Amino acid sequence: MSNPPSSNRLRLGYSFFVLSFALWGLVFAVPFVFDDNQTRLVVAGALYATSYLVFFISSWALGPTVMKALKDNLTRWFRR
């Protein structure tokens, strides 16, 4: 059994968790900000890839126990 994450690691994990969703949400603003299609594609792809990476860093920082609890809560919320 692994040790529980420290408070600094949890704070980093939750911060990155929120940041990943903020970056993912910015993908939807890209079409309204840039005129060139190539620029839109590059910026949206970079934001998506970065949000994915930040989410996995947050998953690592939070640890499997917290991620399982988050998953269970989200699953329960969507089943309503």
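Predicted model: local features only at pLDDT ≥ 70, side-chain atom pairs only at ≥ 80, totals over all residues.
Residues are numbered from 1 along each chain as its sequence is written, and side-chain values use heavy atoms, with hydrogens and water left out.

Is Ser-51 buried or exposed? Ser-51 has a relative accessible area of 5%, so it is buried. Buried means under 20% relative accessible area, exposed means over 50%, and partly exposed is in between, using a 1.4 Å probe and protein chains only. Leaving aside neighbours within four places in sequence, Ser-51 is in contact with Ser-20, Leu-23 and Trp-24; contact means heavy atoms within 4.5 Å.

Now look along H3. A straight helix of 42 residues would span 62 Å at 1.5 Å a residue, yet H3 spans only 35 Å between its end C-alpha atoms. The expected span is 1.5 Å times one less than the number of residues. Where does H3 bend? The bend is at Gly-63, by about 110 degrees, and a proline, Pro-64, follows within four residues. That bend is the angle between axes fitted to the seven residues ending there and the seven starting there.

Next, the rings. A search of the whole structure finds eight aromatic pairs. Phe-17 and Phe-21 have ring centres 5.2 Å apart and planes at 70 degrees, so this pair is edge-to-face. Rings of Phe, Tyr and Trp (its six-membered ring) pair if their centres lie within 6.5 Å; planes under 30 degrees apart count as stacked, over 60 as edge-to-face and the rest as tilted. Both residues lie in helix H1, four residues apart, about one turn of the helix. Tyr-48 and Tyr-52 form a stacked pair, with 6.3 Å centre to centre and 20 degrees between the planes. Together with Phe-55 and Phe-56, Phe-17, Phe-21, Tyr-48 and Tyr-52 form one aromatic cluster.

Methods. Helix = DSSP H or I, 4+ residues; strand = E, 2+ residues; numbered from the N terminus.
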